[in-house]
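Please read this note with the model open beside it. Each point takes up one part of the chain.

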Amino acid sequence: MELNHVFIILSVDLFYMMLATGQPPDPPTDVRIDIINDTAIVSWIIPSNQGINWSVIQLYNSKEGDVYLDQGRKHKYLRFPRSSFEIAKLKMCSEYYVRIRCKRRSAYSEFTTQKFWMTTRPMNPILTIKAERPFANNSITFTCNSTVQRWPEYVPSKLSYQYFGNPRGYTNGNKLILKSLTKSDTGIDVSCQATDDRGKASNMSNTVTLGQYYGPDIVLVKPEYTVINVTEGSKLGPIHCTADCYPKCIFNWKYKKSEHFELVHLNPILTVTDIKRNKAGIYRCSVVHPYDITFMRKVDIEVNVQYSSKIRELLLSDKIETNEWSNATVYSFSEDVNLKMKLSIESNPDPQLVLRTSLITFPPLRYKKRGIAFLSELPSLTCIDSGNYTIQAFNGIKYGDARTVNLMIYCKPRNVISNFKNIETKVNGTEDIVMQIVAFPKPSVAWIRSTGFIWMVQKDRYDYRYRIYSSIHINSKNDFGEYGIHVCNRFGCIVENITITFEDEVGAVTNEYPRIFAAGITTLVIGLIVLIPGTIFVICKCLRTIQKLSAASDEYIEVHRSNPAVAEPYSTLQSQSESRHLQEPESRSLQEPESRSLQEPSNDTYEECGMTTAVDIYQNVKEDQGKRIKQQPIDECCSLARDTEI
């Protein structure tokens, strides 16, 4: 008694302490559901000694939502100590969730949830057959299996079985045994039904047809492929799998994923309407006998899913690192670099790699393949090959893929082309020097010998070609001779020489002119006195000389007057487009199309100063270079002199 008294005191103290602290009560336990027709009887256990006043019950249909239990409300309050509740008119074969919790004053416990189904009849039976080869004179055993639903779990419930379709044989529990099969048994359909201890009958089982069983034999696929190539996104199939079986065999199409096959189709025809590349591999038609799965045959086909080339990543470098990638579009390197290329390409079949420019298509590149990495080398390229290059990957499917990169190939100055390197002129003459040169990046130009003039550097239509301009003025005979031109960029230097020589023929005539004229006059006087024919001859020679000298002088003056470089050596310089009339050698470096462009950081046209010169000088001087002053015939003068007699 004393112990009971102590227990009661402790329980009361605990109860009041829980009330004081507001701690929620424990949830209900041991929720059970009993199904009778369309009514579910729900019962539970309420935790003791916690001052619980109410139980709250809710019901939920998995397809239709909450079920109303009490005058339009979704919950039902049941006063303590009630711990069961009947819910009628529930839908058969539906899935329900019942939720119950306890309430003490304003404190609620957690919900306890129990799932159940509204069904009472036995589950659909499964009919199986056991026989290695149920040919004639062999025995065969049928087995019918079913269960009945008793909540909260499936349990057998004194089921009885009945077979249909067999004209003979005997039953033993859930088994039907037929002995000594004959051909007359072929084609008989056998099925079964289960009944529980409440008289509820199940639906009919699956049907098994008797016969002279065999197969599967002669398993084939049509069309008869061993390897099938199909383009991604297109349709695979239909591929028919056939076999010789009785009764009809079970066909399964399986796909090998990793090390195992997974089921993809449950019929003899394989069709994939929109096949993806990750579905390439081995497809297997598996054929089993319906009554004994140990009798199985198979046939495999390989499906190769092809897809267009796609360039994912690109790297150009003289040294290719294993894990290095770069999707840069501009690459700078010198001529002596052997440029290598690495591409990450998704392609099936492997692509052809082609390098092209707007003018040239190179032969297909050779490469080594490592997974999806393709390693190759670019052709040997020089400075004048700078420009935009397209790298195309194409395997014959759709459009392929391409990347465009800009290659800036550096080189030291070379390929100097000038209007002339040996110039004949006179004292006080000014000669304009125009040259073309290949270099990248932009070169600097300087006279080795002082001339009083600077060089101007003008970029031509391509970044690697430049035109350079300067002049030489001859103040005295000491200025004749060789002039060196120093052309440099950061990759190297070259020296070009120009030789300035005296115009011997014109100069000689000019220096002898006073003497010849005086000698002519003297001879004329003597001739008049001594011999008229001799005088006439000398006069003719004198006149020829005078005419030659006059013509040379006039032509020289006209050239200088029409040349703006003489009056204003660097006042103007024609635009780049106007310089197109300058004669260009027929070489690869000077015949590239205007579409070739580079992204060179420096676009300066001139170097060191803003003074300009007229490019027209180049054309005028080039047209006048090498001209020799032609003597005009003065036969008329000589003839007149001969006809005049003193």
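1. Counting the bonded cysteines along the chain, the disulfides pair up as 1-2, 3-6, 4-5, 7-8, 9-10. The structure has five disulfides. Please keep in mind that this is a predicted model.

2. Begin with C144 and C192, which form a disulfide with sulfur atoms 2.0 Å apart. This pair ties together distant parts of the chain, since C144 is in strand β11 (residues 140-145) and C192 is in strand β17 (residues 189-195), 48 residues apart. The link of C144 and C192 is right-handed, with 80° about the S-S bond. Both cysteines, C144 and C192, are buried.

3. Next, C241 is joined to C285 by a disulfide, with an S to S distance of 1.8 Å. Here too the pair links distant parts of the chain: C241 belongs to strand β21 (residues 236-246) and C285 to strand β25 (residues 281-289), 44 residues apart. C241 and C285 are both buried.

4. Another disulfide joins C488 to C493, with an S to S distance of 1.8 Å. The link of C488 and C493 is right-handed, with 120° about the S-S bond. Are C488 and C493 buried or partly exposed? C488 counts as buried because its relative accessibility is 12%, and buried means under 20%. C493 counts as partly exposed because its relative accessibility is 41%, which lies between the 20% and 50% cut-offs.

5. Turn now to the nonpolar core. The largest one has 31 residues, and those with the most contacts inside it are I433, W447, I485 and I500. At least two residues of this core come from each of β33 (401-418), β35 (430-440), β36 (444-447), β38 (465-473), β39 (481-489) and β40 (492-502). Strand β35 gives the most, with five residues. In soluble globular proteins, nonpolar side chains tend to be buried together.

6. I433 deserves a look of its own. Leaving out residues up to four places away in sequence, I433 touches F420, I423, W447, W455, I468, Y469, S470, S471, I472 and I498.

7. Y389 is in strand β32 (residues 387-394). Y389 counts as buried because its relative accessibility is 2%. Beyond residues up to four places away in sequence, its contacts include L355, F362, L381, T404 and V405. For T404, the C-alpha to C-alpha distance from Y389 is 5.6 Å, although the two are 15 residues apart in sequence. A polar atom of the Y389 side chain also lies 2.5 Å from the backbone oxygen of D385.

8. S386 is in the loop between β31 (373-377) and β32. With a relative accessible area of 1%, S386 is buried. Which backbone atoms does the side chain of S386 reach? One is the backbone oxygen of C383, at 2.8 Å. Another is the backbone nitrogen of I409, which lies 3.0 Å from a polar atom of the S386 side chain.

Terms used. Residues are numbered from 1 along each chain as its sequence is written. This is a predicted model: local features need pLDDT of at least 70, side-chain atom pairs count only at pLDDT 80 or more; totals for chains, interfaces and linings use all residues. Side-chain values use heavy atoms; hydrogens and water are left out. Helices (H or I, at least four residues) and strands (E, at least two) are DSSP runs, numbered from the N terminus. Buried means under 20% relative accessible area, exposed over 50%, partly exposed in between (1.4 Å probe, protein chains only). Contact means heavy atoms within 4.5 Å. A polar contact is a pair of N or O atoms within 3.5 Å; within protein, one must be able to donate a hydrogen and the other to accept it, and residues adjacent in sequence count only if both atoms are side-chain atoms. A nonpolar core is a set of buried Ala, Val, Leu, Ile, Met, Phe, Trp, Tyr and Cys residues joined through side-chain atoms within 4.5 Å. A disulfide is a pair of cysteine sulfur atoms within 2.5 Å.
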